Amino acid sequence: MGERPYTLLSCSMSIDGYLDSATVKRLPLSNDADFDRVDAVRATCDAIMVGAATVRNDNPRLLVRAQRRRADRLARGQRASPIKVTVTGHGRLDACANFFTMGESEKVVYCASPEVEQVRDRLGAVATVVDGGEPVGMGRISEDLYERGVRRLMVEGGGTVHTQFLTADLVDELHLVVAPFFVGDSRARRFVGDGRFPWNPRRRATLAEVRQIGDVVLLRYALSERFDRR
Ligand SMILES: NC(=O)c1ccc[n+]([C@@H]2O[C@H](COP(=O)([O-])OP(=O)(O)OC[C@H]3O[C@@H](n4cnc5c(N)ncnc54)[C@H](OP(=O)(O)O)[C@@H]3O)[C@@H](O)[C@H]2O)c1
């Protein structure tokens, strides 16, 4: 395998492990202080990745929000916000989504080979559309991002993308925030789906930090030898 970026997977979930409710309305699982912490982490990364369903459902901007952090990035010769990355099989993404329209940074869409041409026709003006193969593998995406200069990647969901990164053992660090309530509806998305994860009862992950942030808790896990304690 080629080189890949240092990869940090970030997620907030309910006590019962859900990423969202089952309704169309987005469920905030964090608090202001934690959103600010996530903003600080984003500001240290070269790229942020989410799955296409998150782009469609949440319409996230995926920008560094704090002006001082944007200014610091610019002073370091970086764009104000990291590159935005998504992955899609069908390519049903709206060119008017915040993912594409907000911010100056590059947008990269990895698409399954059969749909690349039609997705390029539709999104080519607002994003770099890359043939991700068939099926699209997260390892291939990681290597391609490394070749594009990405050295620090933040993966922000949803569950389908988290599952693939984790089961492929591509994650160096996990930030798991637990919100103080239950969702209690199995129609909602969980943090991860089924799969063979490298961490199991015989191979336990390393808990690197526990931090209370108001009414939520951040659990920080080291998932590889490359774990960077900063
Ligand atoms: N709490 C949090 O921290 C957090 C963070 C992010 C998201 N969320 C929530 O998570 C939910 C979405 O999660 P999700 O698991 O349904 O979706 P997701 O991981 O955001 O996206 C899944 C989609 O990404 C594309 N995709 C993923 N892997 C692919 C592959 N190997 N090849 C080709 N395409 C691939 C497919 O897009 P196409 O369908 O276009 O083919 C797939 O339907 C939302 O409700 C959102 O609110 C929560």
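Leu 62 is placed in the loop between α2 and α3 (67-75), where helices (H or I, at least four residues) and strands (E, at least two) are DSSP runs numbered from the N terminus. The structure is a predicted model, in which local features need pLDDT of at least 70 and side-chain atom pairs count only at pLDDT 80 or more, whereas totals for chains, interfaces and linings use all residues. Residues are numbered from 1 along each chain as its sequence is written, and side-chain values use heavy atoms, with hydrogens and water left out.

The phi angle of Leu 62 is near 55 degrees, a positive value in a residue other than glycine. Leu 62 is also buried, with a relative accessible area of 4%; on this scale buried means under 20% relative accessible area, exposed over 50%, and partly exposed in between, with a 1.4 Å probe and protein chains only. A positive phi in a residue other than glycine is likewise found at Asp 169, near 60 degrees. Asp 169 belongs to the loop between α7 and β7 (173-178) and, at a relative accessible area of 34%, is partly exposed. Most residues other than glycine have a negative phi, and most peptide bonds are trans. One joins Glu 134 and Pro 135, with omega at about 0 degrees, and Pro 135 is situated in the loop between β5 (128-131) and α6. Another joins Gly 157 and Gly 158, with omega at about -10 degrees, and Gly 158 is situated in the loop between β6 (152-155) and α7.

The ligand is surrounded by 26 residues, of which the closest are Asp 20, Thr 54, Thr 88, Thr 160 and Arg 189; a residue is counted here if one of its heavy atoms lies within 4 Å of the ligand. Among the polar contacts (pairs of N or O atoms within 3.5 Å), a polar side-chain atom of Thr 54 lies 2.5 Å from an oxygen atom of the ligand. By residue class, the shell divides into 9 nonpolar, 12 polar and 5 charged residues, with Ala, Val, Leu, Ile, Met, Phe, Trp, Tyr, Cys and Pro taken as nonpolar, Asp, Glu, Lys and Arg as charged, and the others, Gly among them, as polar.

Helix α6 is mostly covered, since 7 of its 10 residues are buried, namely Met 138, Gly 139, Ile 141, Ser 142, Asp 144, Leu 145 and Tyr 146. These buried residues pack against β2 (47-51), β3, β4 (107-111), β5, β6 and α7. Asp 144, which lies in α6 (residues 138-147), counts as buried because its relative accessibility is 18%. When its neighbours within four places in sequence are left aside, Asp 144 is in contact with Tyr 110 and Val 130, contact meaning heavy atoms within 4.5 Å. Just after α6, Gly 149 takes a positive phi of about 100 degrees. Gly 149 lies in the loop between α6 and β6 and is partly exposed, with a relative accessible area of 38%. Between Gly 149 and Glu 104, which are 45 residues apart in sequence, the C-alpha to C-alpha distance is 17 Å.

For the protein chain as a whole, the secondary structure comes to 7 helices and 9 strands. The radius of gyration of the chain is 17 Å, close to the 17 Å that the globule rule gives for 230 residues, so the chain is as compact as a globular protein of that length; the radius is taken over C-alpha atoms, and the rule is 2.2 Å times the number of residues to the power 0.38. Of the 230 residues, 51% count as buried. Among contacts between residues at least 6 apart in sequence, 69% join residues at least 24 apart. The accessible surface of the chain comes to about 11,700 Å², of which 49% belongs to carbon and sulfur atoms.

Notes: Polar contact = N/O pair within 3.5 Å; in protein donor to acceptor, adjacent residues only side chain to side chain. Areas by Shrake-Rupley, 256 points an atom, 1.4 Å probe, with all protein chains shown as cover.
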